[in-house]
Amino acid sequence: MHETIDAHHHLWNYRAAEYPWMSSGMESIQRDFSPEDLRPCLDAAGIDGTVAVQARQTIEETEFLLTLAGRYPFIRAVVGWLPLIQPDVRGYLERFSGCTKFRAVRHVLHDETDERYMLRADFNRGVALLPEFDLVYDILVFERHLPQVIEFVDRHPRLVFVLDHIGKPLIRQRVFSPWREHMAELARRENVYCKISGLVTEADWGHSTEAELRPYFDVVLSTFGPQRLMFGSDWPVVLVASSYERWALTVKTMIATLTIPERQRIMGGTAAEAYGL
C-alpha cells in the first residue's frame, strides 16, 4: 500500500502576540486551526496522513502538537521545536524522543536577525545531538540563506535534513539566480530532502498559475529528483493564496508526466523514508 502524505502543515490556537509574522493580507488565517478543520481538506485531496510542523518557538508548542498527534491517528509525525542552543538540550531530547511521533526538530532560522545563526557554535552543538536520537532537522530559510545552509549541512554528514518550501525562492519577482545554483549545490548532499511546499505563498497571492510555478518545480525535480522530493501543503498558511485542494491538484499536475513509482515517492514515499514513518 502506498500512503499519501502531506509532509508539512500547522495547527494552532490563534493569539495575535504569538504569531507576529501574520502580516496584512493574512487575516483569513488569523483564527484557530484544528485537526478537525484539516480533515475535510485531506479527504478532498485524497491524503492519508500528515506531518505537523511547529509554528512557535516554545516547548509548549511541541507538547501541543504531540498531544494532537496522540488523538488523531492521521497525524503520523511531529516536527517540533527544542531549545537547541541551551546547554541542557540533551535533557529535552531524552524526554521527547520517548514520543514515537516526535520525528524532527525545526528552528525558524529566517526570522533570526543574525543571518549566520545556523553557524553558531552553541546551535551546532545542539544539532549535532540529533542523530543520536534518530531525529531529523527541518531547515526553514529564505533563498539568501542558502550559502550558509550548505556550510551548515556539511558540518553534520550523519544527520538527515529536510529543506522546507524549496528554500523560498523569489517567485513573485520571477528571480531564479542564485537560488537555482545554490539548490543544485545543496542537492549534491544526499542527506538532504526537499519539500514541494510554500510555492504559492512566495508567488502573487491568488493569481499564481501552474505555468509560473512549474519552472521552480523543474529546478528541484532536476536537482533532488523524485527520490528526495515530498509534497507538503503548508496549510493553513497556503490558504492566503490557494485552497488546499487546488494546491494539491497543482502538484499532482506538475508531476503527472513522471512514472507511477516517482509520483508515489513525491506524494508519500519520500516523507515516509525521511521521517521514518
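The model is predicted, and local features need pLDDT of at least 70, side-chain atom pairs pLDDT 80 or more, whereas totals for chains, interfaces and linings use all residues. Residues are numbered from 1 along each chain as its sequence is written, and side-chain values use heavy atoms, without hydrogens and water.

Aromatic rings of Phe, Tyr and Trp (its six-membered ring) are paired if their centres lie within 6.5 Å; planes under 30 degrees apart count as stacked, over 60 as edge-to-face and the rest as tilted. The count by this rule is 14 aromatic pairs. In one of them, the ring centres of Phe33 and Trp235 are 5.2 Å apart with planes at 85°, so the pair is edge-to-face. Phe33 belongs to the loop between β1 (5-9) and α1, and Trp235 to the loop between β8 (229-231) and α9, so the pair ties together parts 202 residues apart in sequence; helices (H or I, at least four residues) and strands (E, at least two) are DSSP runs numbered from the N terminus. Phe33 is buried at 2% relative accessibility, and Trp235 is buried with a relative accessible area of 2%. One aromatic cluster is formed by Trp12, Tyr14, Tyr19, Phe33 and Trp235.

Residues Leu38, Cys41, Leu42, Ala44 and Ala45 of α1 meet Tyr244, Glu245, Ala248 and Lys252 of α9, contact meaning heavy atoms within 4.5 Å.

Note on methods: Buried < 20%, exposed > 50% of the residue type's maximum accessible area, 1.4 Å probe, protein only.
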